[in-house]
Amino acid sequence: MRILVDLATAQVPQDLINDAEGKIATGDFLTRAFSHEAYTSKVAREVSIGRPGQAVLERTSILFTDKRLEARIMVALPAAGRRIRGREAEELLADILPEVAEYSLLYKNLDQQKLRDHVTLYRDQQDLRRQLNSRKLVAFVGNGAILPRRSGDSDEPLEQGATPFQSPQSLHTEFSLPSGRTITGMGVPEGITVIVGGGYHGKSTLLKAMERGVYSHILNDGREWVITHADAMAIRAEDGRAVTGVDISPFINNLPSGTDTHRFFTTNASGSTSQATNLVEALEAGAQTLLIDEDTSATNFMIRDERMQQLIPAKDEPITPFVQRIRPLFTEKGVSTILVAGGSGAFFDVADHVIALNSYVPNDVTVQAHSIANRTPQNDAASLRVFDSPNPRVPARDGLREPSKTKPAKARSRTDIQYGRESIDLIGLMQLIDAAQTTGIAHALDSIADRCDGSTSLAQLVDQLVQDLDEHGLDVLSPHRGHPGLFARPRSQEIMAAVNRYRKLRLSAGR
């Protein structure tokens, strides 16, 4: 169902919705207000507009046009078996829903200062994210940020016992924002940053916060001022995933089987091949920053220590470890890396910055790390170019469509999409935070399948889709007319990642 309210009746101030960011933030606020009103009324089970989490996402739940505000909702009409409960339906539709709408969609009944603060915060966050490039930074962590979460399965902040973040002086950064406020914290420079420290001292917590920093968070989340490049990708090993025509030769080559790794295919990737694939696909998707945790990586993909190199010569080892490719990634491709390393100092030689966490307190230990590594300027000497631009992968005309597929793709959970008879497993996508995004990805898959012409590359297909979303809004993804359903906008990186995990993906011959 849809609830339509004239803007003259809603009276939302024009300055809050006069740009795309304002509409997203105001829509998010109204979605939360409607969800709260419905939840606290006696129709909590019958009425839904979605349940936003800690991040502000572009959603289909609220639409602003030139003349009206439109709230899209799902309503379960009361019934007993096959019989409609007429009086209860009348009360729901004629009395309760209008009351919920009145208290959540009309400006006069909202916490007006809280709404304005919500929009101002989002605009400031987005502006800071845009400033990262000009400051040659890939991420920022504000002073006072609360990074630990309440529990491993919660995205809400730890309320007691958390240590507020405080930047090392050497990485101290300050931003002036459109609202007039000034924010200080730790700027993470472009290049290679290694995060070290003892177990349980906050290394992975810091990295996880930066992974989620591709999204803007609500006030009091603790991570409001953890801001990361919007295209940053978290990379991990993902045993068992399918790989379709990916050039992993910079990392894996000269396999004993003779398999061509310039165009690699498998239905069951190992830890090392899956991590190499995830990294190369991230580059194809436009990522300029990689986020990697040693704990979720394949050891043989990351490093080879001196003893192993002495026992197994490089000529007999098909895997070139990431430690030998991390510097060319930056010098040749401009791709930065933020890496958590808890068990090996092998990356000290190539690190531009080393941050040590001690009881969640960060310290800049770059000088000490370089001294331990006995690093000299010669260690950074340029070598032969290893990251040539690969040929773009081009899906076949029907390369993303099953002959037996008759229904639209459907998200079954945050990490699972039903696509025809196939299930697309997205559990390896650590920055996919909301099942509503997964529904958006499912719709995107159908849209991309319609666009496949056998000559347009996968990256171009996704770019075309993103351009349509920017120009026409999320409704263009919907398989329905009128009410589009409830979903959120996914990043282009996760859309491409879902296509890549479709086991029946077919490429054009020679492409």
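Here are some notes on the predicted model above, point by point.

1. Ground rules. This is a predicted model, in which local features need pLDDT of at least 70 and side-chain atom pairs count only at pLDDT 80 or more, while totals for chains, interfaces and linings use all residues. Numbering runs from 1 along each chain as its sequence is written, and side-chain values use heavy atoms, with hydrogens and water left out.

2. Domains. The domain assignment gives domain 1 (2-110), domain 2 (233-373) and domain 3 (410-501); such bounds come from an automatic or database assignment. The centres of domain 1 and domain 3, taken over C-alpha atoms, are 25 Å apart. Across that pair, 16 residues of domain 1 are in contact with 14 residues of domain 3, where contact means heavy atoms within 4.5 Å.

3. The largest pocket. Its space comes to about 1,200 Å³. Ile24, Glu58, Tyr122, Asp470 and Arg489 are the closest to its centre among the 42 lining residues. On a 1 Å grid over the protein atoms alone, a pocket is an open set of points where a 1.4 Å probe fits, with protein on both sides within 12 Å along at least five of seven lines; lining residues have an atom within 4 Å of a point. Points are joined across faces, edges and corners, and the volume is the space filled by probe spheres set on them. Because domain 1 and domain 3 both give residues to the lining, the pocket lies between them.

4. What lines it. Helix H2 (20-40), strand S4 (62-64), helix H4 (112-134), helix H12 (458-472) and helix H13 (492-500) each give two or more residues to the lining. H2 supplies the largest share, seven residues. Helices (H or I, at least four residues) and strands (E, at least two) are DSSP runs, numbered from the N terminus. By type, the lining has 16 nonpolar, 11 polar and 15 charged residues; here Ala, Val, Leu, Ile, Met, Phe, Trp, Tyr, Cys and Pro count as nonpolar, Asp, Glu, Lys and Arg as charged, and the others, Gly among them, as polar.

5. Helix H13. Eight of its nine residues are buried, so H13 is largely enclosed by the rest of the structure. Buried means under 20% relative accessible area, exposed over 50%, and partly exposed in between (1.4 Å probe, protein chains only). Ile495, Met496 and Val499 are among the buried ones. The cover over them includes strand S15 (233-235), helix H6 (271-284), strand S24 (422-425), helix H11 (435-451) and H12.

6. Aromatic rings. Seven aromatic pairs turn up. Phe140 and Phe175 make an edge-to-face pair, 5.1 Å centre to centre with 85 degrees between the planes. Rings of Phe, Tyr and Trp (its six-membered ring) pair if their centres lie within 6.5 Å; planes under 30 degrees apart count as stacked, over 60 as edge-to-face and the rest as tilted. Phe140 sits in strand S9 (residues 137-142) and Phe175 in strand S10, 35 residues apart, and both are buried. Tyr419 and Tyr502 have ring centres 5.0 Å apart and planes at 75 degrees, so they are edge-to-face too. Both of these tyrosines are buried. Elsewhere, Phe251, Phe301, Phe322, Phe347 and Phe387 form one aromatic cluster.

7. Arg181. This residue lies in the loop between strand S10 (172-176) and strand S11 (182-189), and counts as partly exposed at 40% relative accessibility. Leaving out residues up to four places away in sequence, Arg181 touches Asp124, Phe175, Ser176 and Trp225. Arg181 and Asp124 are 57 residues apart in sequence, with 8.8 Å from C-alpha to C-alpha.
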